[in-house]
Amino acid sequence: MQFHHHGYVSTDPRVQPVAGVGIDRPAELPENVDVLIVGTGPAGVITAAQLSMFPNVTTRIIERRGERLEIGQADGIQARSVETFQAFGFAERITAEAYHITEMAFWKPDVNAPANIVRTARAVDDPSGISEFPHLIVNQARVLDYFTEYMAFSPTRMVPDYGFEFRSLENTKSGEYPVTVTLVHTTGELAGQEKVVHAKYVVGADGARSGVRDAIGCTLSGDKANHAWGVMDVLAVTDFPDIRTKCAIQSDAGGNILLIPREGGQLFRMYVDLGEVAVDNNGEVRKTTIEQIIAKANDIMHPYTLDVKNVAWHSVYEVGHRLTDRFDDVLPDEIGLRTPRVFITGDACHTHSAKAGQGMNVSMQDGFNLGWKLGYVLAGRSPESLLGTYSAERQPVAKNLIDFDRQWSTLMATKPEDLGDPTELEDFYTRTAEFPAGFMTQYQPSMLIGETTHQALATGFPIGKRFKSAMVERVSDTNTVQLGHHHRADGRWRLYAFADAAAAGEPSALTDWATWLQTSPDSPLLVHTPAGSDIDSIFDVKVVYQQDHTGVDLGRVPAVFMPKTGPFGLTDYEKQYATHPAQDIFELRGLDRGGVVVVVRPDQYVANVLPLDATEELAAFFRQLLLPAGVTAVA
């Protein structure tokens with residue numbers, strides 16, 4: 001984290017200087033906004049948090065509740081989400097308060113006494129080390145708190161507008177603010193009164209019963225719910241030995257339980273199998289009482305007992321796998337004729353069981369994907385066509401999620417004796433670990449994702465997948481850092497130049513590339529950086545040398561990697577890196593020793609891989625997705 005570059009800061013350095021629409025931000029919800037986000041769930045708050053970094057974009061996020069969420073339904077935080085939290089600056093704090101999943105235990109009927117359950121297997125949570133980040137359990141409300149804090153500390157000083165419920169919208173397709181949204185006050189003296197807001201864009205993050213989704217004519221389609229589960233967060237006294245370990249418990253006749261220990265050392269969550277739901281049930285299963293759920297849990301856990309002392313929260317839900325065919329308001333016959341004005345994210349687009357721990361995680365990636373794209377279009381950096389990539393990229397991800405969850409929830413609900421292999425459940429858990437961790441997403445070639453022509457130059461950075469970090473040495477202070485951890489959610493593109501073998505400053509492919517990037521009229525830095533802005537305001541350019549830090553002379557590092565920024569023109573010493581002696585990133589990520597450029601999007605996905613001499617390709621790639629600024633940036 002860098003600070004003091006605008007002057008000495010004696011207060012919390014996370015609080016950024018107020019700017020743009022944050023100056024004299026109106027407390028009341030204005031009539032005209034650039035982006036109106038409906039819903040403060042995970043998808044909504046991350047979209048708002050990303051947009052809060054665009055100082056001149058007026059974004060407001062509304063919530064029908066009158067205050068913050070106290071207890072959330074979601075709790076599983078996959079490694080990709082923690083990686084995303086790192087970008088928003090709170091990974092370390094939320095990790096400190098969370099429960100860490102390191103292992104999962106599997107319990108099944110005792111073959112000698114089927115009425116009893118016994119532990120039959122254990123599985124390491126991340127057996128192949130796919131991430132340096134942990135798998136966490138923490139209440140959804142705390143995740144929302146951290147994003148809300150990030151918004152409040154941003155230049156725009158964004159805070160949620162509580163007490164507004166979405167009623168309807170109309171895209172008039174005319175004027176500067178074409179989307180007319182009707183809201184209703186839900187709290188205070190104005191409760192019941194309508195308020196009309198005009199927006200350039202609307203984001204529906206309003207859950208599975210989304211009013212925004214209905215307003216744009218999208219419907220959820222897929223499997224009907226046919227299996228019910230009772231879920232409860234409880235404090236209890238029990239003799240079950242694995243109560244602080246994540247467990248899949250399958251009983252002989254009483255059903256199944258997914259046990260999730262919660263943060264704090266005592267609280268835990270149980271998803272308790274309530275069985276098949278008849279077609280004519282008409283929601284009666286949702287009337288199952290907490291006493292009935294506890295009794296069912298005791299039946300499943302026999303011979304162990306569960307004496308519940310306190311219930312923090314409980315609910316009953318039916319498993320259904322539903323997906324919308326589009327994530328915006330552009331109808332199939334309108335594709336290519338107009339760009340979207342209304343978007344839906346998270347549960348408004350996809351619903352599934354909670355047992356794979358994917359709902360909140362995938363929803364946040366929806367919002368991360370959309371947020372920076374809206375910011376770029378509204379800031380005049382990119383054409384409106386960029387917005388069409390949101391639905392194109394995220395809809396296939398949701399489909400893959402539902403296919404995965406269908407397999408996992410089916411296995412969880414299957415009696416052990418009905419499984420083709422006794423170890424099928426634990427084998428599936430281990431075999432598919434990378435998917436639920438959030439690292440299987442791979443976007444296809446588009447205006448944002450290049451072709452795989454040069455993929456062989458960086459086999460460990462697959463184009464379309466998220467940039468997988470690795471250790472390097474920062475040359476200036478010799479500190480060991482994770483290269484990807486400096487990729488913040490600040491809306492910037494990253495250009496990682498992995499050097500050829502020449503020493504710093506020696507004539508080489510790297511120095512030629514650096515000179516072109518700093519001086520050529522075709523350089524993305526000069527073409528797309530606005531007048532008066534810091535040279536790194538759009539592109540964060542870093543270099544990684546093949547030598548260790550003792551072999552890199554900072555005095556000979558090309559100037560493009562030593563930019564002078566801020567009001568005092570201070571040199572940035574956090575863009576020059578060397579290979580770590582214990583973990584050679586060139587070997588680890590399959591990087592060509594002749595040098596390679598890895599282009600990474602603002603949401604951390606690899607957009608392109610190019611050789612150092614492919615400057616025309618690099619310039620052309622950005623010309624299709626960024627508008628020219630036509631100015632000279634501050635050096």
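What covers the buried residues of α1? The first close-up takes up this point, and the others follow along the chain. This is a predicted model, in which local features need pLDDT of at least 70, side-chain atom pairs count only at pLDDT 80 or more, and totals for chains, interfaces and linings use all residues. Residues are numbered from 1 along each chain as its sequence is written, and side-chain values use heavy atoms, with hydrogens and water left out.

**View 1. Helix α1 (residues 42-51) and its cover.** Ten of the ten residues of α1 are buried, where buried means under 20% relative accessible area, exposed over 50% and partly exposed in between (1.4 Å probe, protein chains only). Helices here are DSSP runs of H or I with at least four residues, strands are runs of E with at least two, and both are numbered from the N terminus. Among the buried residues of α1 are Pro42, Val45, Ile46 and Leu51. Their cover includes β1 (32-38), β2 (59-63), α2 (79-87), α4 (140-153) and α7 (359-378), with contact meaning heavy atoms within 4.5 Å.

**View 2. Helix α2, largely enclosed by the rest of the structure.** Look here for a helix in which nine of the nine residues are buried. Arg80, Glu83 and Gln86 are included in that buried set, as are Val82 and Phe85. The elements covering them include α1, β3 (76-77), α3, β7 (135-137), α4 and α7. Just after α2 you will find Gly89, with a positive phi of about 85°.

**View 3. Thr95 in helix α3 (residues 91-97).** Thr95 has 17% relative accessibility, so this residue counts as buried. Setting aside neighbours within four places in sequence, Thr95 is in contact with Val82, His100, Pro134 and Leu136. Val82 is one of the buried residues of α2, and α3 is in turn among the elements that cover α2.

**View 4. Strand β13 (residues 227-238) and two antiparallel partners.** Strands of a sheet pair through backbone hydrogen bonds, either parallel or antiparallel. Two strands are taken as paired if DSSP finds at least two bridges between them. β13 pairs with β16 (residues 268-276) over eight bridges, and Val231 has Tyr271 as its bridge partner there. With β17 (residues 306-318), β13 pairs over eleven bridges; at Thr238, the residue standing opposite is Leu306.

**View 5. Cysteines without a disulfide.** A disulfide is a pair of cysteine sulfur atoms within 2.5 Å, and the count by this rule is zero. The sulfur of Cys349 has its closest cysteine sulfur in Cys218, 7.8 Å away, which is too far for a bond. Cys349 is buried at 0% relative accessibility, and Cys247 is likewise buried, with a relative accessible area of 0%.

**View 6. Edge-to-face aromatic pairs.** Rings of Phe, Tyr and Trp (its six-membered ring) pair if their centres lie within 6.5 Å; planes under 30 degrees apart count as stacked, over 60 as edge-to-face and the rest as tilted. The count comes to 28 aromatic pairs. One of them is the edge-to-face pair of Phe343 and Tyr390, at 6.0 Å centre to centre and 75° between the planes. Phe343 sits in β19 (residues 342-344) and Tyr390 in α8 (residues 388-413), so the pair ties together parts 47 residues apart in sequence. Phe343 is buried at 0% relative accessibility, and Tyr390 is buried with a relative accessible area of 0%. The rings of Phe539 and Phe622 have their centres 4.9 Å apart and their planes at 85°, so this pair is edge-to-face. Phe539 belongs to β24 (residues 539-545) and Phe622 to α13 (residues 615-623), distant parts of the chain 83 residues apart. Both Phe539 and Phe622 are buried. Ring pairs also link these two with Phe54, Trp372, Tyr376, Trp493 and Phe621 into a cluster.

**View 7. An open sheet of seven strands.** The strand order is β22-β21-β27-β24-β23-β28-β29, with mixed pairing. β22 (480-482) and β29 (606-610) stand at the edges with a single partner strand each, so one side of each is left without a neighbour in the sheet. Within the sheet, β23 (residues 493-498) and β28 (residues 596-600) pair in the antiparallel sense over five bridges, and Phe498 stands opposite Val596.
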